[in-house]
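Student: Please put the model on screen, and we can go through its geometry by question and answer.

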Amino acid sequence: MLLEKELKKLESKLSVLADAVEENFRQAIRAMLDHDVPLADRVIAKDAEIDQLEIEVEEECLKVLALYQPVAMDLRFIIAILKINNDLERIGDLSESVAKRAKTIMVSKDTFENTDYNMMLEKAFDMFKQSLTAFSSKDVAISRKVIGMDFEVNEYRGRLFSELRESIDQQNLSGDLTLALFSFVNCAERIADLSVNIAEDTIYLVEGKIVRHKDVGVLG
């Protein structure tokens, strides 16, 4: 069936984009942990390719909608692809931002000691990977797990923001470094939020339920 063939091609294109975004996010974290400026520069340069892949997936979705006018499960699938495609592009942008913030932190003359920054970013990466697994395997249980993990990222954010506000009061860190760390924490939180979006879109695809703004733990 022609439509089925087109849907498989769509999913394959989205998978290429997801792989590119995952790798760039992974490299952004590595650049941060290893204080690797050239790697951070490569992450930043890669974003243009990710943007182009996102455009190609969207154009393909619109073509399938126009040519085949899908309904029911097929329509939900294309809607989910469109939404996840947008979320992936935004995660790509945020990975670029992480790399830029990492460069600012690397060149700063100030020093700071707090493993929560790295742990928050690793948690966001784990959520992202699992959200992709949930979608590729159409696994609602994994989706719900990802949504539940967001609480931990929010806890990291609260602790780190408190610390940064305290450092401003005590003037322990330079303004540039403090702003970079604030932005870094926001990037990690937004990536976690977008991973939750992907998980919610998987639930929508499989069950036809819109679970945003709801307690997914009680949904069945």
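Student: Which conventions apply to the numbering and to the values?

Tutor: This is a predicted model, in which local features need pLDDT of at least 70 and side-chain atom pairs count only at pLDDT 80 or more, while totals for chains, interfaces and linings use all residues. Residues are numbered from 1 along each chain as its sequence is written, and side-chain values use heavy atoms, with hydrogens and water left out.

Student: How are helix 2 and helix 3 oriented to each other, roughly parallel or roughly antiparallel?

Tutor: Helices here are DSSP runs (H or I, at least four residues), numbered from the N terminus. The axes of helix 2 and helix 3 come within 9 Å and cross at roughly 165°; axes are lines fitted to C-alpha atoms, for helices over the stretch in contact, and angles run from 0 to 180 degrees between N-to-C directions. Angles under 35 degrees count as roughly parallel and those over 145 as roughly antiparallel. Helix 2 and helix 3 are therefore roughly antiparallel.

Student: What is the handedness of the crossing of helix 3 and helix 6?

Tutor: Helix 3 and helix 6 pack with their axes 9 Å apart, at an angle of about 165°. That makes helix 3 roughly antiparallel to helix 6. A crossing is left-handed if the near helix is turned anticlockwise from the far one by less than a right angle, and right-handed if clockwise. For helix 3 and helix 6 the crossing is left-handed.

Student: At what angle do helix 4 and helix 5 pack?

Tutor: Helix 4 passes helix 5 in a left-handed crossing. The axes of helix 4 and helix 5 are 9 Å apart, and the angle is about 160°.

Student: Is Glu96 buried or exposed?

Tutor: Glu96 lies in helix 3. Leaving aside neighbours within four places in sequence, Glu96 is in contact with Val43, Ile44 and Asp47. Buried means under 20% relative accessible area, exposed over 50%, and partly exposed in between (1.4 Å probe, protein chains only). At a relative accessible area of 16%, Glu96 is buried.

Student: With which side chain does the side chain of Asp116 make a polar contact?

Tutor: Asp116 is in helix 4 and is buried, with a relative accessible area of 16%. A polar contact is a pair of N or O atoms within 3.5 Å; within protein, one must be able to donate a hydrogen and the other to accept it, and residues adjacent in sequence count only if both atoms are side-chain atoms. At 3.3 Å, the partner of the Asp116 side chain is that of Arg159.

Student: How far apart are the C-alpha atoms of Lys103 and Leu75?

Tutor: Lys103 is found in helix 3 and is partly exposed, with a relative accessible area of 27%. Lys103 and Leu75 are 28 residues apart along the chain, and their C-alpha atoms are separated by 43 Å.

Student: What is the phi of Gln69?

Tutor: Most residues other than glycine have a negative phi. Gln69 is found in the loop between helix 2 (37–68) and helix 3 (72–107), and is exposed, with a relative accessible area of 64%. Although Gln69 is not a glycine, its phi is positive, at about 40°.

Student: What is the phi of Lys138?

Tutor: Lys138 lies in the loop between helix 4 (116–137) and helix 5 (140–170). Lys138 is partly exposed, with a relative accessible area of 28%. Lys138 is a residue other than glycine with a positive phi, near 55°.

Key
Helix = DSSP H or I, 4+ residues; strand = E, 2+ residues; numbered from the N terminus. Contact = heavy atoms within 4.5 Å. Parallel < 35°, antiparallel > 145°, perpendicular 65-115°, else oblique.
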